[in-house]
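Good morning, colleagues, and thank you for your time.

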Amino acid sequence: MKQFERRVRSEKALLHAAAELINEAGCSKTTLAMIMKKTGLSKGAIYHYIKSKDDLLAMVLDEKIQEINEAFFEKMGKSKEEMKDPAEVISMSFAAMNNPEGVVNRILVYFIGRYDHKTARNALRDFDHYMVEFAKFWILSGQKNGVISDEVDALKTAEFLVLMASGFRMRRLYSKSHTDNEEMADYIKDLLIKPVLSEKI
């Protein structure tokens with residue numbers, strides 16, 4: 001048990017250090033030597049958990065996704081009355097995914113540039129699949145709770161939201177957007193909520 005606990009602690013320290021370094025220096029400039037210095041782990045210990053830098057970044061990305069997932073389910077665990085404004089969940093996920101200085105966005109942009117590498121390509125595909133399923137499940141939950149219209153096609157809308165988020169992310173690489181995350185979240189809210197309001201009139 002102690003060995004397992006040490007492994008879990010070391011892995012968490014590794015991911016936490018990597019995330020901090022990505023925030024400070026970016027993905028390209030984050031090196032194994034920097035991670036070794038920050039965690040106190042040896043090169044051999046680090047390679048016990050990962051095979052490459054891409055593996056480490058994929059693990060950090062997965063951990064960040066799980067954090068968003070847990071926050072979402074915590075929100076979903078509240079009463080229907082507290083779920084009347086789905087913009088809270090949209091804003092949370094949209095801002096987290098599209099903050100240009102955020103860890104998730106930095107890793108995604110880095111992996112896009114390394115799409116010819118298997119680990120990067122698989123991480124991008126897994127992320128896209130997760131986001132579509134996440135959005136679809138959220139929409140279906142909103143419909144079940146009566147805050148999103150049954151007329152909304154959950155899968156098509158989920159695909160649209162992920163496509164829009166991807167475009168938003170890419171555009172920020174080369175152009176300053178005139179629409180911030182909060183404004184985009186409000187727009188998404190209107191798309192999902194207006195049909196409900198129309199049904200009640």
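This is a predicted model: local features need pLDDT of at least 70, side-chain atom pairs count only at pLDDT 80 or more; totals for chains, interfaces and linings use all residues.

Which residues are exposed on the other side of helix 8? They are Lys-156, Leu-163 and Tyr-174.

If we take the contacts between residues at least 6 apart in sequence, 65% of them join residues at least 24 apart.

I return now to helix 8, which covers residues 154-174. With 21 residues at 1.5 Å a residue, helix 8 should span 30 Å, and the distance of 31 Å between its end C-alpha atoms agrees with that. The buried residues of this helix are Ala-154, Thr-157, Ala-158, Leu-161, Val-162, Met-164, Ala-165, Phe-168 and Arg-169. Viewed down the helix axis, these buried residues fall within an arc of 155 degrees, so they line one face of helix 8.

I turn next to the interior. In soluble globular proteins, nonpolar side chains tend to be buried together. In this model, the largest nonpolar core has 47 residues, and those with the most contacts inside it are Leu-14, Leu-56, Val-60, Ile-107, Phe-111 and Ile-139. Several helices each supply at least two residues of this core, among them helix 1 (2-25), helix 4 (53-76), helix 8 and helix 9 (181-200). Helix 7 gives the most, with 11 residues.

Which residues does Phe-111 touch, if we leave out those up to four places away in sequence? The list is Asp-54, Leu-57, Ala-58, Ala-120, Ala-123 and Leu-124.

One last residue deserves a word. Ser-141 is found in helix 7. Is Ser-141 buried or exposed? Its relative accessible area is 10%, and buried means under 20%, so Ser-141 is buried. Its C-alpha atom is separated by 9.9 Å from that of Ala-154, 13 residues apart along the chain. Ala-154 is also one of the buried residues of helix 8, which brings us back to the helix where we began.

Key. Residues are numbered from 1 along each chain as its sequence is written. Side-chain values use heavy atoms; hydrogens and water are left out. Helices (H or I, at least four residues) and strands (E, at least two) are DSSP runs, numbered from the N terminus. The expected span of a helix is 1.5 Å times one less than its number of residues. Buried means under 20% relative accessible area, exposed over 50%, partly exposed in between (1.4 Å probe, protein chains only). The arc is that of the directions from the helix axis to the C-beta atoms. Contact means heavy atoms within 4.5 Å. A nonpolar core is a set of buried Ala, Val, Leu, Ile, Met, Phe, Trp, Tyr and Cys residues joined through side-chain atoms within 4.5 Å.
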